[in-house]
Amino acid sequence: MSLLELDDVKVHFPVKKGLIFDRTVGHVYAVDGVSLSVEEGQTYGLVGESGCGKTTLGRSVLRLVDITDGSVNFDGTDLAKLPAEEMRTFRRRLQMVFQDPLGSLNPRQNIESILSEGMAAHGIGGTREERREKIRDILAKVGLPANALARYPHEFSGGQRQRIGIARALVLEPDVIICDEPVSALDVSIQAQVINLLEELQESLGLTYLVIAHDLAVVRHISDVIGVMYLGSLVEEAPSDALYAEPRHPYTKALMSAVPVPDPEVEDRRERILLTGDLPSPANPPAGCRFHTRCPWAQDTLCATERPALKDVGGGHKVACHFAAEIAAGTVERTAASVVPATREEMADRVVETPAE
Amino acid sequence: MPLLSVDELSITFTGRGRRDVRAVDGVSFDVDQGQVVGLVGESGCGKSVTSLALMGLLPKKGVKLGGRAEYDGKDLLTLSSNAMRDMRGKHLAMIFQDPLSSLNPVIPVGLQVTEILERHRGMKGAAARKEAADLLDRVGIPDPTRRLKEYPHQLSGGMRQRALIAMAVACAPRMLIADEPTTALDVTIQAQILELLKELVDQQGTALLMITHDLGVVAGLCDQVNVLYAGKAVESAGRRELFAQPTHPYAHGLLGSIPRLDAPRGEPLRPIRGSINDRIDWADGCAFAPRCDHYTLECLSGTPQLTEPVGAGHGVRCVNPVLTGVEVKTLGVPAEQAVDAAAATAPAEPAEPKIPAQAGPEADGKAETDEGDAAPEAEPEAEKKKDAS
Ligand SMILES: Nc1ncnc2c1ncn2[C@@H]1O[C@H](COP(=O)(O)OP(=O)(O)O)[C@@H](O)[C@H]1O
Ligand SMILES: Nc1ncnc2c1ncn2[C@@H]1O[C@H](COP(=O)(O)OP(=O)(O)O)[C@@H](O)[C@H]1O
Ligand code: SF4
Ligand code: SF4
Ligand SMILES: [Mg+2]
Ligand SMILES: [Mg+2]
């Protein structure tokens, strides 16, 4: 059994209206039936565009949002149904690292106080001196100098603050760390430092990660398995290399084709699938396949009426698309969306084409 | 003759009781018609203030400008405010990272576009409204007549950025400056906006100065690239030359530290150590020296000059560049710990005072934080920042 198993998790936020009577007029279907498993010692990467429900899903695991339905099994216990007091002990074992290191650190607390707070709350580390010893050890592990203890968050650069955020999680000796956009606020040269640090820590401490990010290249680099989310549900899941080698879901294909690669040779040959329009509102998701309003392969049957389930297509590769097999075989044609020629030269005499190959 | 020729541009912030900050320190580049020139570098390297200086949007007080920025024979840096206002719109237009703060929140989008058409192109009433709808249509906003009546907050991020581009191109400017125009957008929307910009360049011959921290965007879009570090261009080259042979240790390091979508899982990243705060003054030597693997004693004797060690037109500001196949003379790497410790003792760059907002909607876009620059999206809810424990 996997260390962390989500089964059909739903998080629906009520939309209220009215000044006196809080009438619920609808729901934001932020997470709408997600099942996934995170293996011990591995990294599961959750990718998708903003608003697709990644953060909400991560928070639901820690019960920082109410789970509307479904189960979150951690080490054999369903957290979704756990009474609040019992959840406390699990909180220590499941930690979170946030996008904005400064926003998540109290500016008036020094680093020692920030790090020892959680330890005290969870009864870790015994005496003050023992705690300090432990904190020193963790600071060294995350690459911060010992003299950081008495300093305040604003005295550190962005990358160092993210190291503090990681240290704060580590002092509690967690099993799982949920990293929500851990590097997206950082400059590229610093991103790489933090990514490498996360990987080293995983190696030396046997940590299990759920990494949430909108940057597909980062997720691909760090994850063993990747889940692609669209409007509250998983549309595809596969081992990192397999997903890159052969994205099967139309949304994944479009997403991947949109990621610029820092290499002109690649850029000039990269075929882009441009999606039209915007993400629909999760308060009013389209019926049927949630992607059908923008899907370049959408068909007249099924797509608009029936919601596809996530199905295994072999090799641990799962896809939620009625026509995944036909698209892979090339027997279903692209119906809309412009394919953009790769080069600037081609651009000049560009025609928006509907390929009929 | 290039449309815009920037020569040794320098920008210094002066202030009573504060040390002068030389944000831009002798940057030179040209932009031709129909050409895309990139300014790339990490937050704080001087990209935004460069664009604001070119647009005449920096405050007069507390800012010292040096060098020249010749546009069509006129030096943009010395033009009067009135003359500069005339330049904006017909000649120069700018797109900011955050469209919401560049649009007036209480005026419908359509009115903001028609206003520009009335002011700059002398169009009136129904004609201006029709042209506005055509513009929105051209930048890919569906149902433009309805959208014209909507307020900025009613549009999605991508639609807002399109509206902003529509406003920028309303007067068919010959030159467009785009400061991180897609940084706040999702990648599929970014792809749409980049296509739109390409079309403008290819079909209208617009000159585009593209400012970004994203080397992927640069690789696909820019003809000519300038890599900035601490206010100076450290490498300038055609995009193919730059990516084929990144020669300045910083540019080389940047490319080594980016996870690439097409790299196999597990391929290690080679980060640059330390942070932008670990720098020395250019006057004393190479500002990148404390982070540089190629550092030699020579690096500390004055500002390295731009040379062309790997070919004409490929400028590199480094005394010991990365030359493949050539023995590298290094002093040995300065201990990583030393750099880290230095970084922790030196107080991190104080939160910088932002340029006071200027008149006009265009001035508002740069109210971003240093790190926000690299952040794809400032997510709204505050609770997510709370500790989980
Ligand atoms: N507390 C909340 N109340 C209502 N809606 C919310 C709340 N938190 C998130 N949402 C909505 O749920 C959707 C998913 O948000 P989020 O999980 O933050 O997405 P992501 O992290 O993928 O960007 C969004 O439409 C967001 O506005
Ligand atoms: N009003 C100001 N006063 C003092 N320093 C400033 C001001 N505005 C910007 N700076 C400094 O100028 C440098 C360049 O800033 P900016 O152009 O915004 O960087 P970038 O856009 O490349 O991230 C930064 O180091 C910043 O601290
Ligand atoms: S089910 Fe239909 S609309 Fe959905 S992804 Fe597949 S082809 Fe596209
Ligand atoms: S080798 Fe010297 S001059 Fe070149 S980047 Fe490194 S420190 Fe600067
Ligand atoms: Mg999020
Ligand atoms: Mg900027």
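This is a predicted model: local features need pLDDT of at least 70, side-chain atom pairs count only at pLDDT 80 or more; totals for chains, interfaces and linings use all residues.
Which residues are around ligand 4? I listed B:H248, B:P249, B:C286, B:F288, B:A289, B:C292, B:H294, B:C299, B:P304, B:C318, B:V319 and B:N320; to count, a residue needs a heavy atom within 4 Å of the molecule. The shell splits into 9 nonpolar, 3 polar and no charged residues. My classes: Ala, Val, Leu, Ile, Met, Phe, Trp, Tyr, Cys and Pro are nonpolar, Asp, Glu, Lys and Arg are charged, and the others, Gly among them, are polar.

Residues are numbered from 1 along each chain as its sequence is written, chains are lettered from A and ligands numbered from 1 in the order in which they are written, and side-chain values use heavy atoms, leaving out hydrogens and water.

Next, ligand 3. Around it I found A:H249, A:P250, A:C289, A:H292, A:C295, A:W297, A:A298, A:C303, A:C321, A:H322 and A:F323. That shell has 8 nonpolar, 3 polar and no charged residues.

Buried or exposed? I got 5 of 5 residues buried, meaning under 20% relative accessible area with a 1.4 Å probe, protein chains only. In a regular strand the side chains alternate between the two faces of the sheet. Here A:V176, A:I178 and A:D180 sit on one side, A:I177 and A:C179 on the other, and both faces are covered.

What does β7(A) pair with? Strand β6 (94-97) of chain A runs parallel to it over 4 bridges, with A:L94 partnered by A:V176. Strand β8 (208-213) of chain A is also parallel to β7(A), over 5 bridges, and A:I177 has A:Y209 as its bridge partner there. Pairing takes at least two DSSP bridges.

In chain B I traced an open, mixed sheet of 8 strands, ordered β6-β7-β8-β3-β9-β10-β12-β11. Its edge strands are β6 (92-95) and β11 (306-307), each pairing on one side only.

Last stop: A:F21, in the loop between β1 (4-17) and β2 (23-38) of chain A. I call A:F21 exposed because its relative accessibility is 65%, and the cut-off is over 50%.

Conventions:
Helices (H or I, at least four residues) and strands (E, at least two) are DSSP runs, numbered from the N terminus.
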